[in-house]
Amino acid sequence: MHSANKFAPVSALSLAALVCGGILLQLAGSALNVLVPLQMALQGQAPAMIGAVASSYAAGFLTGCFVGGTLTRRVGHIRAFAILAATQSCTVLALALFTDATAWLMLRFAGGFAGAGLSIVIESWINGRTPRSYRGRVLAVYNIVNRLAMITGQLWPAFTAASSTVAFIVMGGLYSAALIPVGFTRTRPPKRPDAVKVRLAEIWATSPISLIGCLYVGLVGGALIGMLPAYGVLREMSPSEISILTAMVQIGAMSMQWPLGFVSDRVDRRKVMLGTAAVGMVAAIMLLVFSPLPLYLAYAAFAVIGAACLPIYALAVAHAYDKSARDSAITLSASLLFVWASGSAIGPMLMSFVMQFAGPRGLHAYLVLLSLIFIALVMWRLAKQPAPQHRTPFAAVSQTSPVIGRTDDAAPH
């Protein structure tokens with residue numbers, strides 16, 4: 001018999017299989033986040049419609065985060081994973097069959113819903129079957145691998161014909177292939193996840209800047225993911241250049257996540273958020289004033305925006321944990337994810353309307369205005385309330401599912 005704090009070889013292999021399945025899902029999902037708006041832009045679709053389709057996916061993801069868990073509770077982890085992966089595969093293949101934007105709205109909503117459900121299955125499985133003494137390291141590896149898969153997927157259009165239906169067929173195959181490693185798992189799945197609750201008023205009372213920070217990252221990140229390919233087409237970039245541009249945002253975010261977290265464990269996290277948002281705003285101003293920049297400078301500017309703005313989510317979550325009780329981790333995680341996902345659903349629509357009237361410069365103006373508002377709100381909170389005395393060690397949390405907040409709840413004490 002193995003101790004609860006030791007890995008059995010079979011358990012380690014089963015978790016590795018889950019991570020492999022998650023990699024395939026992330027590769028397909030991030031590639032589609034580039035391919036769908038890119039194809040729509042190449043077809044001459046209006047920015048407003050491209051933004052609507054991007055927002056539809058985010059709205060489906062938001063719904064899936066808080067409704068998708070019901071499926072897992074009803075049929076279990078393995079069956080839920082199979083149902084949702086098959087759903088993803090079918091919706092992607094349907095994208096290759098239909099060219100009507102209205103159909104894509106519905107298909108992307110279904111894809112977002114299934115994607116959130118799959119995240120719940122994988123992350124609750126990892127949390128529930130990893131011994132407490134290994135859980136932090138396993139989740140750290142999972143987040144890093146997830147981010148690398150996201151970047152790799154975004155680079156996919158650089159190596160294929162972006163207007164071809166072959167890309168959708170390959171993505172559908174990846175979703176189906178994700179079933180293979182999960183099907184080989186031999187350990188029993190964990191306890192089925194409980195329903196999560198969203199309590200925004202409680203967090204606002206103790207840590208309003210955490211809610212504002214998560215909303216800011218959703219508005220910025222969702223808009224960049226959904227509209228950056230359309231921006232590239234308006235700038236007359238090639239599909240490969242657009243793929244690299246989108247990947248640079250995530251590369252920047254990944255490179256600065258841990259350094260900023262390290263600093264925030266020693267300095268008021270709100271000051272770190274203030275400084276990074278200011279850096280992101282300066283990069284956006286440079287793009288607005290001097291656009292169009294040479295390609296290599298544009299890559300650098302968007303990498304800086306990604307490095308400065310996207311890590312604010314993890315900083316905001318850590319700031320909320322600093323002011324919360326330990327037993328509220330699940331509710332806190334779900335509530336902040338809800339705010340981020342709401343911003344991700346709204347952001348592409350807002351940016352698309354700005355770009356509809358202002359062209360590609362509208363993207364820069366959108367980023368400058370949002371950052372300016374966020375900076376003003378952080379300065380207001382800094383002037384009104386001192387830094388918390390207690391600090392929870394920083395963790396690079398991902399915006400994937402509410403169960404990622406369960407790292408301690410399932411642990412034996």
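E236 is exposed, with a relative accessible area of 74%. In this predicted model, E236 sits in the loop between α9 and α10. Its phi is positive, at about 60°, although E236 is not a glycine. The points below take up backbone geometry, helix packing, charged pairs, cysteines and two further helix residues.

**Backbone geometry**

- Most residues other than glycine have a negative phi, and most peptide bonds are trans.
- The peptide bond between S291 and P292 is cis, with omega at about 0°.
- P292 belongs to the loop between α11 (269-290) and α12 (295-309).

**Packing of α9 and α13**

- Two packed helices are described by the angle between their axes and the distance between the axes.
- Helix α9 covers residues 208-234 and helix α13 covers residues 312-322; their axes lie 8 Å apart at an angle of about 165°.
- Angles over 145 degrees count as roughly antiparallel, so α9 is roughly antiparallel to α13.
- The crossing of α9 past α13 is left-handed.
- On the α9 side, the contact involves I209, S210, G213, C214, Y216 and V217.
- On the α13 side, the residues they meet are I312, Y313, A316, V317, H319 and A320.

**Packing of α2 and α3**

- Helix α2 (residues 47-75) and helix α3 (residues 77-97) have axes that come within 7 Å and cross at roughly 130°.
- That angle makes α2 oblique to α3.
- The crossing of α2 past α3 is right-handed.
- From α2, the residues in contact are L71, T72 and V75.
- From α3, their partners are H77, R79, A80, I83 and L84.

**Charged pairs**

- Side chains of opposite charge can pair when their charged atoms come close.
- The count for this structure is two salt bridges.
- One of them joins the side chains of R269 and D265, at 3.0 Å from N to O.
- R269 is buried, at 2% relative accessibility, whereas D265 is partly exposed, with a relative accessible area of 28%.
- Another salt bridge joins the side chains of R270 and D268, at 2.9 Å from N to O.
- In that pair, both R270 and D268 are buried.

**Cysteines**

- The structure holds zero disulfides.
- C90 is exposed, with a relative accessible area of 54%.
- C214 is buried, with a relative accessible area of 0%, and C214 is also among the α9 residues that meet α13.

**Two further helix residues**

- A201 is placed in helix α8 (residues 200-206).
- A201 counts as exposed because its relative accessibility is 62%, and the cut-off for exposed is over 50%.
- The C-alpha atoms of A201 and L211 are 10.0 Å apart, and the two residues are ten residues apart along the chain.
- S240 is placed in helix α10 (residues 239-264).
- S240 is partly exposed, with a relative accessible area of 29%.
- S240 and Q154 are separated by 86 residues in sequence and by 9.9 Å in space, C-alpha to C-alpha.

Notes
Residues numbered from 1 in each chain as written. Predicted model: local features only at pLDDT ≥ 70, side-chain atom pairs only at ≥ 80, totals over all residues. Heavy atoms only, no water. Disulfide = S-S within 2.5 Å. Buried < 20%, exposed > 50% of the residue type's maximum accessible area, 1.4 Å probe, protein only. Salt bridge = Lys/Arg side-chain N within 4 Å of Asp/Glu carboxyl O. Axes fitted to C-alpha atoms, helices over the stretch in contact; angles between N-to-C directions. Helix = DSSP H or I, 4+ residues; strand = E, 2+ residues; numbered from the N terminus. Parallel < 35°, antiparallel > 145°, perpendicular 65-115°, else oblique. Left-handed = near helix turned anticlockwise from the far one by under 90°. Contact = heavy atoms within 4.5 Å.
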